[in-house]
Amino acid sequence: MVAIELAVVLLFIYLGARIGGIGIGLAGGAGVIMLSLVLGVPTSQAYIPVDVILIIMSVITAIAAMQVAGGMDWLVQIAEDFLRKHPERITFYAPIVTFLMTLMAGTGHTAFSTLPVIAEVAKGQGVRPSRPLSIAVVASQIAITASPISAAVVAFAAMLAPMGVDYLTLLAVCIPTTFIACMVGAFVANFMGSELKDDPVYQERLAHGLIKLNTAQKREILPTAKTATFIFLGAIAFVVCYAAAISGSIGLIEDPALGRNEAIMTVMLAAAALITVVTKIEADQIPSAATFRSGMTACVCVLGVAWLGSTFVNAHVDGIKELAGALLEDYPWMLALVLFFASMLLYSQGATTVALMPAALAIGVAPLTAVASFAAVSALFVLPTYPTLLAAVEMDDTGSTRIGNYVFNHPFFIPGVVTIATSVTLGFVFGGILIS
């Protein structure tokens, strides 16, 4: 019966992946019905990440308000100016830009705005665009596991809190390890593929006049952009400082009236309200923003897949613990492999985290192992179907960022694997120092 139940879980995850986008959440709900009503698996102990979903909603509302007020355009303009001033280092500076933007916004979709700039700057410098584009996409994905306001980090921090690892310790490990790993990945990407001038596909496209070099274009920045951005960044700073003040390691505030998760929700909603009032944007425009729609999609995905996965795991947690506990104790890095392959299918760092991390901790995985392996939930680049990856391919008219005939032979794979492997390795080193 266990094999049948597992097959049902995998089947509905596969169906969700085939549907794409919000489909993974929709299929997750259908899978829960199959497990419970048809196979008799109880759902009473299933983990439904309500706090995570509410945090995504509140954070995305603040980001969407900032976007409507023009703040996102202003940040992208700053990033573009920075990249165009240092074109010769585009392979290293591009991932820095996408990493920082994801770190601040809590969503990797901010990379969409910078990918055309990266492609154009690289092409103008004679650099193979696949090099900076590949590591920039990877950096935008792995930075989710370091963002103070991302759903994955907030959910994982809540799971670790009873085990003595607080929110600040998690960030202290994840931010430096993922950033350093991105730079290692950039170094590897810098040697991937032939030089642009030697690429036969590029030469063929150049001969047919299919390649254009665009000049820099200044965006029209709304006068409210800076104000909205500073309010949003101030809200992030307040959340981090408040989390530090109430943490057990610092303890400036004992027995706080407002918990960390509640603080994130309320501060972000308040920030959205302040942006709306101060910049005088129309509140009705916020739900129409692209970031708001993507955030609500993420909520459904997290709900469906977490419910499906935890329904199965909680019904068989003792057997899973007996089977996997000893293996992970002897080979802790195996958790990173499990997370790596799961995220390939789930297409979401948050969904992978809430689906698998509770089970890993329940079977006795050490907090250090879990924290070190956390970056492995970012393997969204493996299958060449993720939106930012496809956007990078489409935006490179030189043809250097192309997908091969064997699915996995694309320019994102090796830099991505190197980045995650480096981050996990560094996670054990940094975590060994900071986690007792």
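Leaving aside neighbours within four places in sequence, A158 is in contact with R260 and N261 (contact means heavy atoms within 4.5 Å). The model is predicted, so local features need pLDDT of at least 70 and side-chain atom pairs count only at pLDDT 80 or more, while totals for chains, interfaces and linings use all residues. Residues are numbered from 1 along each chain as its sequence is written, and side-chain values use heavy atoms, without hydrogens or water.

A158 lies in helix α8. Helices are DSSP runs of H or I, at least four residues long, numbered from the N terminus. A158 counts as partly exposed, because its relative accessibility is 35% (buried is under 20% relative accessible area, exposed over 50%, partly exposed in between, with a 1.4 Å probe and protein chains only).

R260 and N261 are among the buried residues of α12. Others include A263, I264, M265, V267 and M268. Further along α12, A271, A272, I275, T276 and T279 are buried too. What do the buried residues of α12 pack against? They meet α3 (50–68), α8 (151–160), α9 (167–189) and α11 (225–246).

Helix α12 covers residues 260–279. Its 20 residues should span 28 Å at 1.5 Å a residue, and its end C-alpha atoms are 28 Å apart, so the two values agree. The expected span is 1.5 Å times one less than the number of residues.

K280 follows α12. It sits in the loop between α12 and α13 (290–315). K280 is exposed, because its relative accessible area is 71%.

Next, one of the packing partners. α9 packs against helix α19 (residues 413–434) at an angle of about 145 degrees, with the axes 7 Å apart. Axes are lines fitted to C-alpha atoms over the stretch in contact, and angles run from 0 to 180 degrees between N-to-C directions. By class, this contact of α9 with α19 has 15 nonpolar, 9 polar and no charged residues. Ala, Val, Leu, Ile, Met, Phe, Trp, Tyr, Cys and Pro count as nonpolar, Asp, Glu, Lys and Arg as charged, and the others, Gly among them, as polar.

C182 is buried, because its relative accessibility is 1%. Which cysteine sulfur is closest to that of C182? It is in C174, 12 Å away, so it is too far for a bond. The whole structure has 0 disulfides (pairs of cysteine sulfur atoms within 2.5 Å).

N261 also gives a reference point for I22. The C-alpha atoms of I22 and N261 are 25 Å apart in space, and the residues are 239 apart in sequence. I22 lies in the loop between α1 (2–19) and α2 (23–38). I22 is partly exposed, because its relative accessible area is 33%. Not counting residues up to four places away in sequence, I22 touches T297, V300 and C301. C299 is buried, because its relative accessible area is 7%.

S343 leads on to V377. Leaving aside neighbours within four places in sequence, V377 is in contact with T145, L339, S343, Q349, T352 and T353. V377 belongs to the loop between α17 (367–373) and α18 (387–395). V377 is buried, because its relative accessible area is 0%. Its C-alpha atom is 7.9 Å from that of A336, 41 residues away along the chain.

Terms used. Helices (H or I, at least four residues) and strands (E, at least two) are DSSP runs, numbered from the N terminus.
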